[in-house]
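Subject: Structure for you to look over

Hello,

Here is the structure I said I would pass on. My notes on what was found in it follow below.

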Amino acid sequence: MFSKEDPDMARPEMRPNTHGKMSFSPRESGGFEASWYYRDAHGNRKRMKASGRTKSRAREELEFKWETRDLSDADSEVTGSTTIEELGQLWLKSLRGRAPGTMAAYRNRIRISISPFIGDKKIRDVTPGYIEAHLRRIADGNDTRTITYKKSAARTIPTGGLSAERTARIVLHGMFDHAVSFNALPSGINPVGKDKRQAERKAKRSKVRAMTRAEYFELVRRIEAWQAAQPSGPPRGVHLRPAIDVMLGTGVRSGELLAIRWEDVRLEEDIPFILVSGTIAQNEEGKWHRQDWTKGDRFQVAKIQPIALPPHVVDLLEKRRANLDGHAEGLIFKSQVGGLVLTSNFRRSWRQARQYDNRTGDDFAWVKPKSLRKSTATMIKRSSGLEAAAEQLRHSSSAVTREYYVEEELVMVDNRAVFDDIFAQGGK
């Protein structure tokens, strides 16, 4: 016989997130109540109960309640009752070490494509099918939203498309990973599936198009005509004309161009060059500033690579410096009040100028600042090879350069010499 104190006879203690035996009791109003005791994630003993018209129904209700219970703490940051919109803000606050541009892209995607449509949904009710349906809606790109910025006129913008869907998927996956870390999802599984639309995006992507010599001169003519047509007031778009030559001759991005300082330029060297050491970006407070690293890499300062300047660009910069009467310091391209030239303002002037005085029938809608970077890569690839083009654009892989920046070139098949003998015999 075992004594009551014998440990072998003691009832084993329930482990966290397990329950005991189910029991039933009749209800005064009719039907039955099923219940059991359980321990939560912290080992606290609690009781769970559910009711039904019959014992079988009460059992099913209790089992369903157990399977769909909220595993998170009632006072935790994220619980099953957290909405998708709230989860998005909590996830953004949790991110560390991300570039401001990346943070801005995530924040905008939540604001434009996620919160307005599914922001009120509680995360415990989210299923993989629900997420995929919304991502498909984003990919279709049929939704629009009207925005008003400061004193500008209201503008209707698309909230979707395949690129937007890709970013939204990345954002939602990160958000629900954050929820999983708090045990806030009943299944404990992230409902955001893998990206299955890579082939679809590639099929719909426009082919890379570089500017021809004639198109470059047409762009120059339009810019100069647009600037000359200014009726009064300060000259407009004064940076556009030199900017396109510096961008074409170096392959820099527009934000990097506007961040170049005179101290980054070495015109007196045997081989004149520039150092691309920053870009124009927004910080987490939304303020524009010169960021001391380029796209996506804050540690890039340690691996800055000089870019040699073509003679035309050297002459252009020397003349620009000479006009400053010895005060060549700070940014090369400044606003009228001596501050930053914002990329948004630069692109607005670009759009107005490229459409001006159209004589060729092409409105140049496809000609964007990035078109110059593609033109740089295409010219270098055709003369010096793909690796040289990738180095010029400072890409980590030449595959990126080939896929997104180099215009496909038709290569002629020329085996004419093979047929010389037979055709010569046949001609006798």
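The buried residues of helix α7 are Glu 215, Tyr 216, Glu 218, Leu 219, Val 220, Arg 222, Ile 223 and Trp 226. Please keep in mind throughout that this is a predicted model. What covers these buried residues of α7 includes α8 (240–250) and α11 (343–354). Helix α7 itself runs over residues 213–228, which is 16 residues. From its first C-alpha to its last, α7 reaches 23 Å, close to the 22 Å expected at 1.5 Å a residue.

For the chain as a whole, there are 15 helices and 11 strands. The chain has 428 residues, and buried residues make up 38% of them. If you take the contacts between residues at least 6 apart in sequence, 58% of them join residues at least 24 apart.

Helix pairs

Two packed helices are described by the angle between their axes and the distance between the axes.

α7 and α11. The axes of α7 and α11 come within 8 Å and cross at roughly 100 degrees. Angles of 65 to 115 degrees count as roughly perpendicular, and so α7 is roughly perpendicular to α11. On the α7 side, the residues in the contact are Leu 219, Arg 222, Ile 223 and Trp 226. They meet Ser 349, Trp 350, Gln 352, Ala 353 and Arg 354 in α11. By type, the residues of this contact of α7 with α11 divide into 5 nonpolar, 2 polar and 2 charged.

α8 and α10. Helix α10 covers residues 311–322, and its axis and that of α8 come within 10 Å, crossing at roughly 140 degrees. That angle makes α8 oblique to α10. The crossing of α8 and α10 is left-handed. From α8, Pro 242, Asp 245, Val 246 and Gly 249 take part in the contact, and from α10, His 312, Val 313, Leu 316, Leu 317 and Arg 320. The residues of the contact of α8 with α10 divide into 5 nonpolar, 2 polar and 2 charged.

α3 and α4. These two helices pack at an angle of about 130 degrees, with their axes 11 Å apart. The angle makes α3 oblique to α4. α3 passes α4 in a right-handed crossing. Ser 113, Ile 114, Phe 117 and Ile 118 in α3 are in contact with Tyr 130, His 134, Arg 137 and Ile 138 in α4. The residues of the contact of α3 with α4 divide into 5 nonpolar, 2 polar and 1 charged.

Single residues

Lys 121 lies in the loop between α3 (100–118) and α4 (128–140). Its relative accessible area is 28%, so Lys 121 is partly exposed. Leaving aside neighbours within four places in sequence, Lys 121 is in contact with Thr 82, Thr 83, Ile 84, Val 126 and Tyr 130. Tyr 130 is also one of the α4 residues that meet α3. The C-alpha atoms of Lys 121 and Glu 85 are separated by 8.1 Å, and the two residues are 36 residues apart along the chain.

Ser 344 lies in helix α11. With a relative accessible area of 36%, Ser 344 is partly exposed. Ser 344 and Gly 255 are 89 residues apart in sequence, while the C-alpha to C-alpha separation is 9.7 Å.

Backbone angles

Most residues other than glycine have a negative phi. Two residues are worth a look here.

Asn 183 is not a glycine, yet has a positive phi of about 55 degrees. Asn 183 is found in the loop between α5 (162–181) and α6 (198–204). The relative accessible area of Asn 183 is 39%, so this residue is partly exposed.

Asp 357 has a phi near 50 degrees, again a positive value in a residue other than glycine. Asp 357 sits in the loop between α11 and α12 (369–384). Its relative accessibility is 30%, so Asp 357 counts as partly exposed.

Regards

Note on methods:
Residues are numbered from 1 along each chain as its sequence is written. This is a predicted model: local features need pLDDT of at least 70, side-chain atom pairs count only at pLDDT 80 or more; totals for chains, interfaces and linings use all residues. Side-chain values use heavy atoms; hydrogens and water are left out. Helices (H or I, at least four residues) and strands (E, at least two) are DSSP runs, numbered from the N terminus. The expected span of a helix is 1.5 Å times one less than its number of residues. Buried means under 20% relative accessible area, exposed over 50%, partly exposed in between (1.4 Å probe, protein chains only). Contact means heavy atoms within 4.5 Å. Axes are lines fitted to C-alpha atoms, for helices over the stretch in contact, and angles run from 0 to 180 degrees between N-to-C directions. Angles under 35 degrees count as roughly parallel, over 145 as roughly antiparallel, 65 to 115 as roughly perpendicular and the rest as oblique. A crossing is left-handed if the near helix is turned anticlockwise from the far one by less than a right angle, and right-handed if clockwise. Ala, Val, Leu, Ile, Met, Phe, Trp, Tyr, Cys and Pro count as nonpolar, Asp, Glu, Lys and Arg as charged, and the others, Gly among them, as polar.
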